[in-house]
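Hi,

Here is the structure I promised to pass on. Have a look at it first, and then read my notes below.

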Amino acid sequence: MISYTSFTFFILFFGITYLLYVLCPTKAKWVVLLVGSYVFYFFSSKGHVITLIAATLIVWGAGLWIDKLDNTFKEKRKGLERAEKKALKAKYAKYKSLVMWAGIILTMGMLITCKYANFFIDTFNGIFDTAIGRSNIVQPLGISFYTLMAVSYLVDVHSGKYKAQKNPFRVGLYLAFFLTIVEGPFARYDQFGTQLNNRERFKASDFVYGAQRVVWGLFKKVVVADRAAELVDIVFDNSRSYSGVIIVAAILLYTLQLYCEFSGVMDIVSGLGETMGLKLPENFARPFFAKGINEFWQRWHITLGAWLRDYIFYPISFSKTFMNASKKARSKFSPYYANLVPTAVALFFVWFGNGFWHGSGWKYIVYGLYYYVLMMIGMFMEPLFRKICDKAKINRQSKGFGIFQMVRTFFIVNIGMLIFRADTLKQASEMVTSIFTNPNFEALRPGAKNGLGLDLYDYLILVIGTLIVFVVGLIQEKGVDIRARIAKLPFALKFVMFIAAVMIIIVFGAYGEGYGKVDLIYANF
């Protein structure tokens with residue numbers, strides 16, 4: 001695919017698209033974005049564009065059908081008695097739900113077929129000792145992202161949040177927009193789709209402000225993440241050859257790699273969007289300052305968490321079945337646990353969905369349920385923890401206790417990252433065990449012939465880069481808007497700072513001779 005960090009993308013693709021976008025009339029800007037998005041998708045996905053077009057047509061058609069049913073009901077209810085209106089409303093509500101579910105099943109069906117077919121085949125073969133052949137279906141680029149955006153569109157149109165878009169090409173732009181289709185973020189139609197369709201004239205300030213964020217994202221991705229990937233890939237690809245501190249280093253560096261790459265790419269696409277005057281939803285909010293798992297996931301991949309909350313957790317929690325279960329729980333448990341039991345059931349589906357969305361394998365399901373189990377332990381044991389802290393006179397609001405919570409959360413997250421990165425659950429288990437055997441610190445010594453791919457220069461850049469990312473995050477955590485501060489500086493100083501930042505990326509970036517090509521991690525999901 002065309003990487004967001006490649007010269008091909010910035011010079012040939014985005015450069016040309018941006019120039020046409022700025023020069024064309026306001027009413028035609030969305031057409032430039034649509035054509036550019038499909039050109040980007042066609043070349044990035046090697047021509048596999050049929051599934052995307054099919055999903056677009058299904059969503060567009062289903063949305064219009066729902067609107068038509070809604071309008072028909074409003075016409076037919078005129079002059080009817082109250083009871084008749086109620087019966088007619090129930091009838092058309094059923095029709096609208098059928099159309100919505102038909103659209104969801106068709107779009108989700110394509111996702112399941114393309115992404116999960118072999119998972120189901122392998123699981124069936126394993127359980128029933130059969131030998132069904134694996135599918136050769138290619139997983140289309142971005143299908144996990146645009147499918148969930150399609151589902152949110154249909155659900156929101158059905159609920160009356162907004163009217164369906166009549167133009168199929170505008171729906172197509174919303175699903176295929178080149179800055180969101182590869183790694184997200186999940187942009188709701190009312191959040192972002194309307195921006196794509198209604199653009200104001202070009203503003204030079206948008207370009208300057210967005211360019212700052214692009215450079216910061218490139219620093220995290222090219223200087224830090226891609227350098228960490230060198231050691232991570234070597235150790236995980238040959239995990240049985242390493243043990244002790246090397247395994248710990250690989251896990252920690254993978255956490256660093258994934259964060260700097262994913263959040264870095266989000267900075268790049270959000271910054272590029274800003275240069276066009278487009279505001280993408282935020283996907284990260286300094287997650288490693290979180291004091292618990294729940295807070296961590298409110299700061300990490302924010303738009304996925306919000307999607308799971310709004311389209312899985314809430315519908316389940318507020319369904320008649322769960323409302324009745326909650327009432328029964330109140331008669332058997334204390335108020336705290338009466339509310340917690342139904343919530344725990346609904347959260348199971350959220351975390352199962354979180355894991356299953358990430359990939360077609362049991363390790364991904366375990367990855368999601370790992371966080372679910374830990375979260376449930378914390379929630380169910382909260383009254384006991386509170387009593388223990390009260391008796392021990394531990395101030396849970398103190399700064400020291402907050403730091404303890406952040407360290408504890410960081411440890412839990414790194415174990416989760418190990419599960420996520422390992423090829424299999426067996427490999428993850430073996431790597432945990434090997435941590436406690438042969439703690440060979442010598443193997444990490446810069447310049448040693450250990451085959452880890454990093455020399456003293458790389459170690460220094462990693463340490464300095466990580467410190468910069470941490471300090472910037474700490475400043476932002478204190479509520480300081482760094483970009484706003486930079487914007488107030490004299491133009492000459494801002495220009496020098498920008499050029500210096502670009503030069504740092506060019507000089508210290510982990511690319512070229514001696515470094516392997518690092519593909520975008522979340523592009524595989």
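Keep in mind that this is a predicted model. I started with the charged pairs: searching the whole structure turns up 23 salt bridges. One of them joins the side chains of Lys220 and Asp267, at 2.8 Å from N to O. That pair links distant parts of the chain, since Lys220 sits in helix H8 (residues 204-237) and Asp267 in helix H9 (residues 245-275), 47 residues apart. Are the two partners buried or exposed? Lys220 is buried, with a relative accessible area of 4%, and Asp267 is buried as well, at 8%.

Another pair to look at is Asp226 with Lys221, where the closest N and O atoms are 2.6 Å apart. Asp226 has 7% relative accessibility and so counts as buried; Lys221 is at 0% and is buried too.

Then there is Arg286 with Glu477, again a salt bridge, with the closest N and O atoms 2.6 Å apart. Arg286 lies in the loop between H9 and helix H10 (293-299), while Glu477 belongs to helix H17 (residues 456-477), so this pair ties together parts that are 191 residues apart in sequence.

Next, a polar side chain. Gln427 lies in helix H16 (residues 425-434) and is buried, with a relative accessible area of 9%. A polar atom of the Gln427 side chain is 2.6 Å from the backbone nitrogen of Asp423. Leaving aside residues up to four places away in sequence, Gln427 touches Phe236, Ser239 and Ala422.

Finally, the surface. Tyr457, Phe491, Phe495, Val496, Phe498, Ile499, Met503, Ile506, Val507 and Tyr511 form a nonpolar patch there, with about 970 Å² of accessible area together. Helix H19 (residues 491-508) supplies the largest share of that patch, eight residues. Phe498 is found in H19 and, at 31% relative accessibility, counts as partly exposed.

Cheers

Methods. Residues numbered from 1 in each chain as written. Predicted model: local features only at pLDDT ≥ 70, side-chain atom pairs only at ≥ 80, totals over all residues. Heavy atoms only, no water. Patch = residues over 30% accessible without salt bridge, like charges linked within 9 Å, V, L, I, M, F, W, Y side chains within 5 Å. Areas by Shrake-Rupley, 256 points an atom, 1.4 Å probe, with all protein chains shown as cover. Salt bridge = Lys/Arg side-chain N within 4 Å of Asp/Glu carboxyl O. Helix = DSSP H or I, 4+ residues; strand = E, 2+ residues; numbered from the N terminus. Buried < 20%, exposed > 50% of the residue type's maximum accessible area, 1.4 Å probe, protein only. Polar contact = N/O pair within 3.5 Å; in protein donor to acceptor, adjacent residues only side chain to side chain. Contact = heavy atoms within 4.5 Å.
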